[in-house]
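Here is a briefing on a two-chain model. Please look over the sequence and structure first.

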Amino acid sequence: MLWEVDIYPAEGRPDLGAGEVAATAAELHLADDLAVISARGYLIQGELDRAQVEQIADELLADRVVERTVVAPAGDPLLTELPDERTHWIHVLPKPGVMDPVAQSAMEAIADFGFRAEAVRTFRKYAVGRLPDEKLSLLCSKVLANDAIEQAIVGPLGFERLQVGSPYKFKLVTVPILAMDDAALEQLSRDGQLFLSLVEMRTIQAHFNQLGRDPTDVELETVAQTWSEHCSHKTLAGRIDYRGPDGERHFENMLKETIFAATQKIRQAAGDRDWCVSVFVDNAGVIRFDEKYNVVFKVETHNHPSALEPYGGANTGIGGVIRDPMGTGMGAKPICNTDVFCFAPPEVSPEELPPGVLHPRRVIKGVVAGVRDYGNRMGIPTVNGAIYFDPRYLGNPLVYCGNVGLIPRDKSDKHLQANDLIVALGGRTGRDGIHGATFSSAELTSHSETLSGGAVQIGNAITEKMLLDVLLVARDRGLYNSVTDCGAGGFSSAVGEMGEKIGAEVWLERVPLKYEGLTYTEIWISEAQERMVVSVSPEKWNELSALCASEGVEATVIGKFTPTGRLTLIYAEQKVADLAMDFLHDGRPPVVREAVYTLSSPLPLGEGPGVRAEKASGQWPVAGGQYKVASGKTPIPNPQSLIPSNYTDTLQKILGSLNVCSKEWVIRQYDHEVQGGSVLKPLVGAANDGPGDAAVLRPVLDSRRGIVISCGMNPRYGDFDTYWMAASAIDEAVRNCVAVGADPARIAILDNFCWGTTDRPETLGSLVRAALACHDVAVELGTPFISGKDSLNNEFRPLVKGVGSLCLDQTEGARTGNMETKTPDPFNGAISIPPSLLISAIGQVDDVARCVSMDLKSPGNLLYIVGETKNELGGSHFSLVEGLSGGEVPKVDARQAKTTFAAMHAAIHAGLVRACHDLSEGGLAVAAAEMAFAGELGAKISLADVPYLPSPTGRGAGGEGGSKSVQVLPDAALLFSESNTRFLCEVEPDNAAAFESALADVPHARIGEVVADGKLEIVGETPLLQADLPALKEAWQKPLRW
Amino acid sequence: MRSHAEHGNEFIAPRDRSRGALFSIPTPDPRTLLMTTPSVLILRAPGTNCDAETAFAFEQVGAKTETLHVNRLLESPELFERFQILCIPGGFSYGDDLGAGRILGSQIQHHLSDQLVRFKTEGKLILGICNGFQVLLKSSVLLEKIGADTPPATLTWNDSGRYYDGWVRLEASGSKSVFLAGIERMYLPVAHAEGKFVARDERTLQDLDAAGQLPLRYVAADNPNGSMDEVAGVCDSTGRVLGLMPHPERHIDPTQHPRWTRGEAGPEGDGLQMFRNAVEYFA
């Protein structure tokens, strides 16, 4: 018997679901004031009578105080009676096989009533007012359901039974590659979603030729997964011939020779005082914290899944990165999350969207909700993040998720033993995420949605929380010898990596499945979430098994780490794979790539050709936003904006720009205080709403020692020079940490490169140049990289109807890098994201009571600027809001930065600083405004003494010159330049002398004072800017107050 | 998990706070009146996530704590006898998949209600924070549900329709709740999606208020979820069971105050007194 339970808001209670649908329909121009009624419901299959289902509905599924229910056998007309003039019923259900945690919980809870349900599915239903067919279909696909995971059914649900899977009949599949020619190999790689190059396919063919047999399908899949970009980072860790403004260079392993090398040099220089513990080897970087603990940090991306299904993609993105610290050493306890997103501006007109692209609003809301629901349920505070907007993220948004963990010092290493049992812990295996590893290494096309539906997963945070709970107990009882997470590539990746040096035999039939019907290959490569693998000494298995059972966590022996040096997979007593570990891990042919970087000659501010941000945006006119630029044309410099006529207006525009504006709407949806260690929250100040520079938390509740988390990123600078973009990102991340009180001698950083298709030498060149900056700046600052990750091929290629196929060859790709190229027609060519390097920083403070926040504290205190201002308006937000191009991009003098950070820290540590804010987007004017309105005070500032260097200089091969604009805009530069390594500090008059002496070796100047009148006043030689702070605050809060 | 005190099955009686009329407890065993350190059971379930800091808060004021999985109590309900205080902390028990606190509430109702009724009538204390409040309400431990009637009240979706983390000013009224004794005002964070208090009807709301069972309210301007009558916390008819949406365990240290850098925090967090009240009740 199949029953349906519909749950409506009770009479007089708000229908929140309906409101959301109507609002979204209006935003997408589908219908104004659409009449909607929403309900949620359950389909319950089992031998149940009406009274039982009604009891379940009343006591379990619905909240009778605020909801009412309709219970009937599925198909009963009662369920689709239209309440009034509304004319369509639309049912939205997860597609079969898509994770439905609520249904799972409902089944278990129904069993607790003593009833038995065979199957449960959840759905949502909507009655909507009459719409023309094409609008109705758009409503279904753009508002109500996401095709990637859900199906929308217009009209009654036609089900009589819920499908619960069909049995799988074993059949060994071999792939006849020995006989294939090149064309056939390439086709196999493409059609089979292996995403391997021809050279790689040929290598596999040669290997099996030697063995005298064809591979099985699962062998081929295993090789493809192990050799995927996602899992092996073959491009960046490969051979690269680089030619750039800094000369020619050959790399055997680019990452090793730049980023890892920096860390090595720093560790060597530190000698006995080295505080790095394990870097670039485990699932996360490990550094020393205190006498008892180490901390670990990892940041990952989940871009392509988030493009297709923002909620599920971001949900499993955060879920996945949490498992990295859990799988580091013998397992760390996650203590905080970070999230950084890159989106297209939300004002894009729905009609202008290329096919296959979700509207940015939907992406933004889905991604935020995905991170929220997973992080909050895990009980891990999400404490730091950022959002960047650029039209080039339209088809390919970026979702970076990070997690910090705490681990006892003596649990920081793994000790896998030969003949350990391979034990799968946590969630069951289903068809979720098949081909995620290879897919994330491919480019997105408008066909991706249909092609890669399987790559989208939905998480179940509680399964992971349960797993975490038992894992930490098992760790402390010594019940396993090694642990790793199942991420991209599933068991294939986890077992393959753990057993690399020993060998492994896996009995695939034993793997617990969500439903019947999976082939042995699907079991092996499934990326079902919430699973980890531990290696267990046989004598410990019973205790581990009992512990897991006591908390309802599934633990299953699925194999053994046999000392054979081979990976052997068994299904139905037959060998389905038998691969040499060394072929798998060392057999990949080296990738050799060419990389080129060319700097265009610098152009003065306002007179250059538009940077790509403006050009690209021209393809999709953005109404009402600051990205509004005449379509396809170079922005025309507006002479008026070069004259300091109305800097107050400019300031207001920068504060209201998407990158700078308040992200409170996002932040408050995250639990940022769970675990009880919150010291500096993301929002600070008199009304708890000012933008803090970094988060501080106390991970050990009976200790005063703190962790500081911050980040730095500026894709706009990459349009000028990726070297200075990378240098600026590092400087920003570190100065954010220092601004709240972190000791710069104990800051570690992480790199996450998200780039376009590096098959193009220019694109790879821009990445190599950024990596060179990472090396140089990290070494100079003494700030080691401890972990990193790259995501390449972040391009979206809308396909012309009928011609499309998933292709990785670059016949018509956009060229990126600092080249003067024409942006190709986005409907024919690929749209590359801008080079997007995220630097995440983790700092430490001895005593959290010494931390400072950025809000102004008391009238009468003095304001000091620290650091040197240069005429660096290239890529600035001043340029952005005034529609200017050209100019000098901010550089970093890393040696000076090191001195400045040390001096700032000394001053803060000595208690001489009441408030401190870093100067970044929008420069001094924005920092001053933010500090003043966060403190609900005012500030009077004179620019006369600001340390100013009219002609910018910098280390490295960056372009010089551009002095023409200097004479034009000294005031603008002083107000809005985004020169690095600068702080604005509030100091009590009594501490002025001590502060000045602490900063003696660093450019600094007293530039004003804190006042109580709620105004920001800045004067140069003449009055430049005067504004009421409430108005500035309103401009800053308004854009994303959703 | 923390080790448990050596109390075994002994019973510790509460100090009678001269509100005997409200109490219907058996005469305590005089031997146990000498005990001064109550043992707190922190009950966790899949998805509970505030257990560690809640235990820490109780320990800061001298309590002994033990954190137990609900499965242990389902297996051995007699475990309740070892404790004087039961706390169901915050989190997302069973993912809140069928509504906040619903599944754990249903489990308690089906399998542990005898133990909890006994726990109450023996004069012991029960505290539900955030998800724990939702569990207590949905299991009818906090407000009795009669037969097949609609329950007297619920906690449902915030008016905003989404999760919200922020700080609120609270006012405590009356002296009914043991936990809130002597407290007039608190500044605490909330962090929830389903925290809107809704009574079955106006009459129920008035009755609860008249009985002093609505002892904690948001300052109207800070009501984060649209709760009726600004209700932030509810106690049972004895005053020994309290559920509240705000998180007292997240404000026990001055540096947890969002404006401690502005000198606005006191020597200790406002929430600590609630835990101290519970412990001192047995002093």
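Chain B and chain A share 32 residue pairs in polar contact, both residues at pLDDT 80 or more. A polar contact is a pair of N or O atoms within 3.5 Å; within protein, one must be able to donate a hydrogen and the other to accept it, and residues adjacent in sequence count only if both atoms are side-chain atoms. This is a predicted model: local features need pLDDT of at least 70, side-chain atom pairs count only at pLDDT 80 or more, and totals for chains, interfaces and linings use all residues. Residues are numbered from 1 along each chain as its sequence is written, chains are lettered from A and ligands numbered from 1 in the order written, and side-chain values use heavy atoms, without hydrogens and water.

**The side of chain B that touches chain A**
- Seven elements of chain B are listed as each supplying at least two residues: H1 (51-60), H2 (70-75), H3 (102-121), E5 (153-156), E6 (164-172), E7 (185-192) and E8 (196-199).
- Helices (H or I, at least four residues) and strands (E, at least two) are DSSP runs, numbered from the N terminus.
- H3(B) gives the most, with six residues.
- By class, this side has 23 nonpolar, 20 polar and 15 charged residues.
- Ala, Val, Leu, Ile, Met, Phe, Trp, Tyr, Cys and Pro count as nonpolar, Asp, Glu, Lys and Arg as charged, and the others, Gly among them, as polar.

**Extent of the interface**
- In contact (heavy atoms within 4.5 Å) are 58 residues of chain B and 62 residues of chain A.
- The two chains bury about 4800 Å² between them, 49% of it on carbon and sulfur atoms.
- Buried area is the accessible area (1.4 Å probe) that two parts lose on being put together, summed over both.

**Salt bridges**
- The rule asks for a side-chain nitrogen of Lys or Arg within 4 Å of a carboxyl oxygen of Asp or Glu.
- Over all chains the count is 70.
- Six salt bridges cross the interface of chain B and chain A.
- Arg262(B) pairs with Asp855(A), with the closest N and O atoms 2.5 Å apart.
- Asp469(A) pairs with Arg44(B), where that separation is 3.5 Å.
- Asp469(A) lies in H15 (residues 461-476) of chain A and Arg44(B) in E1 (residues 39-44) of chain B, so the pair joins two chains.

**Around Met180(A)**
- Met180(A) sits in the loop between E6 (150-154) and H5 (182-191) of chain A.
- Leaving aside neighbours within four places in sequence, Met180(A) contacts Val175(A), Leu185(A), Leu188(A) and Gln205(A).
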